[in-house]
Amino acid sequence: MKAPDRYAVFGHPIGHSQSPRIHALFAAATQQAMTYEAEDIPPEGFNDAISRFLGSGGRGLNITVPLKELAFLVADTLSPEAGRSKAVNTLLFSPDGHIHGDNTDGRGLVRDLTLNLGIPLKGRRILILGAGGAARGILEPLLKLEPAQVTLANRTTEKARQLAFEFEDLGPLRALAMAALQDQQYDIILNATAASLQGDVPPLPDQILAAGGCCYDLAYGKEPTPFVLWGLQQGAVLSRDGIGMLVEQAAEAFWLWRGIRPDTPSVIATLRGTH
Ligand code: ATR
């Protein structure tokens, strides 16, 4: 009998990754013969680890922090999202050794917002907090859905300006200093900073969330994140963490690897119930 196809996630650290669990649920639900492991790979060992995985017949990888920019460099071909964001979270290996890189984070976020949570993006005023890799990965798919405006605000304003400059040809995108958010209003506020991981919320003025507005934290944890709690305090109609995005970006990778789209709401419910 043919051995199961091999997949893995590389990151550093990787101990708390939910990806093995998510892909095991997908594989069981779709009856795919595959294995999926988590490997702790420091940046200096990344290229060797890729060669080893490829040499041993590995079929695909998820790549997480801090290796996404390195994965961008090893790919022979890139999806438009990966090319734009200069970061890769999914690698697909062909039997001849060809490496294709994709970035499914933005598509995952957009699917969670629009399909799972029913939040339309077209014509809405969106504020993105943060200007690091997480913000970079979501800009193209968000701008494609024709929001009225996307505003970037970051603790270090210059990084937001630079990011806006790189993507402003794709739609109405601007950068503002955090201090300039006073008197502004947004329909959707996305937290793409690492603040939640430190138990912080970026400093935002009261009244910044428009009536009927929604908040979404790309981060997630065992408890509601500080930003999710902040959104609820501000009267958000919906204030959610990034578990749905995590599952949806994994489903996009699974689709690329296996050509099958797994059911995601049931997996999100399983993770929410027990994580
Ligand atoms: P990632 O790849 O997860 O986006 P990153 O590139 O290190 O990680 O970026 C982290 C983002 O979170 C940055 O926008 C950072 O702001 P700076 O550019 O000013 O460093 C933001 N960030 C981190 N900790 C924060 C905090 N406590 N409050 C507000 N913003 C924070």
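This report describes selected local features of a predicted model, from its ligand site to its salt bridges.

## Basis of the model

The model is predicted, so local features need pLDDT of at least 70 and side-chain atom pairs count only at pLDDT 80 or more, whereas totals for chains, interfaces and linings use all residues. Residues are numbered from 1 along each chain as its sequence is written, and side-chain values use heavy atoms, with hydrogens and water left out.

## Ligand site

The ligand is surrounded by 14 residues, of which the closest are Ala134, Asn154, Thr156, Lys159 and Ala194.

Asparagine 154 places a polar side-chain atom 2.6 Å from an oxygen atom of the ligand. For arginine 155, an N or O atom in the side chain is 2.9 Å from a ligand oxygen atom. Glycine 133 contributes through its backbone, with an N or O atom 3.0 Å from an oxygen atom of the ligand. On its own the ligand has 640 Å² of accessible area, and the protein covers 73% of this; the areas come from the Shrake-Rupley method with a 1.4 Å probe, and for residues only the protein chains shown count as cover.

## Aspartate 217

Aspartate 217 is found in strand E11, residues 209-217. Strands (E, at least two residues) and helices (H or I, at least four) are DSSP runs numbered from the N terminus. The residue is buried yet has no salt bridge. Buried denotes under 20% relative accessible area, exposed over 50%, and partly exposed the range in between, with a 1.4 Å probe and protein chains only. A salt bridge requires a side-chain nitrogen of Lys or Arg within 4 Å of a carboxyl oxygen of Asp or Glu.

What is the nearest side chain of opposite charge to aspartate 217? It is arginine 272, 11 Å away; in this count Lys and Arg are positive, Asp and Glu are negative, and His and the chain ends are not counted. The side chain of aspartate 217 does reach the backbone nitrogen of alanine 219, at 3.1 Å. Beyond residues up to four places away in sequence, aspartate 217 touches Asn191, Ser196, Thr225, Phe227, Val228, Arg240, Asp241 and Gly242, where contact means heavy atoms within 4.5 Å.

## Salt bridges

Side chains of opposite charge can pair when their charged atoms come close. The whole structure holds 18 salt bridges. One of them joins arginine 272 to aspartate 241, with an N to O distance of 3.1 Å. This pair links distant parts of the chain, 31 residues apart: arginine 272 is in helix H10 (residues 265-274), and aspartate 241 is in the loop between strand E12 (238-240) and H9. Arginine 272 is partly exposed at 32% relative accessible area, while aspartate 241 is buried at 8%.

Arginine 125 and aspartate 187 also meet in a salt bridge, at 2.9 Å from N to O. Since arginine 125 lies in strand E7 (residues 125-129) and aspartate 187 in strand E10 (residues 186-191), the pair ties together parts that are 62 residues apart in sequence. Glutamate 252 forms a salt bridge with arginine 111, and the closest N and O atoms are 3.6 Å apart. Here helix H9 (residues 243-258), which holds glutamate 252, is linked to helix H5 (residues 105-116), which holds arginine 111; the two residues are 141 residues apart. Glutamate 252 is buried at 5% relative accessibility, and arginine 111 is partly exposed at 25%. Both belong to a network of salt bridges that links Glu81, Asp102, Arg107, Arg111, Glu248, Glu252 and Arg261.

## Backbone features

The peptide bond from histidine 12 to proline 13 is cis, with omega near 0 degrees. Proline 13 lies in the loop between strand E1 (5-11) and helix H1 (19-30). Valine 65 and proline 66 are likewise joined by a cis peptide bond, with omega about 0 degrees, and proline 66 sits in the loop between strand E3 (60-63) and helix H3 (68-74).

Lysine 86, a residue other than glycine, has a positive phi near 55 degrees. Lysine 86 is located in the loop between helix H4 (80-85) and strand E5 (90-93) and counts as partly exposed at 43% relative accessibility.

Key
A polar contact is a pair of N or O atoms within 3.5 Å; within protein, one must be able to donate a hydrogen and the other to accept it, and residues adjacent in sequence count only if both atoms are side-chain atoms. A residue is near a molecule or strand if one of its heavy atoms lies within 4 Å of it.
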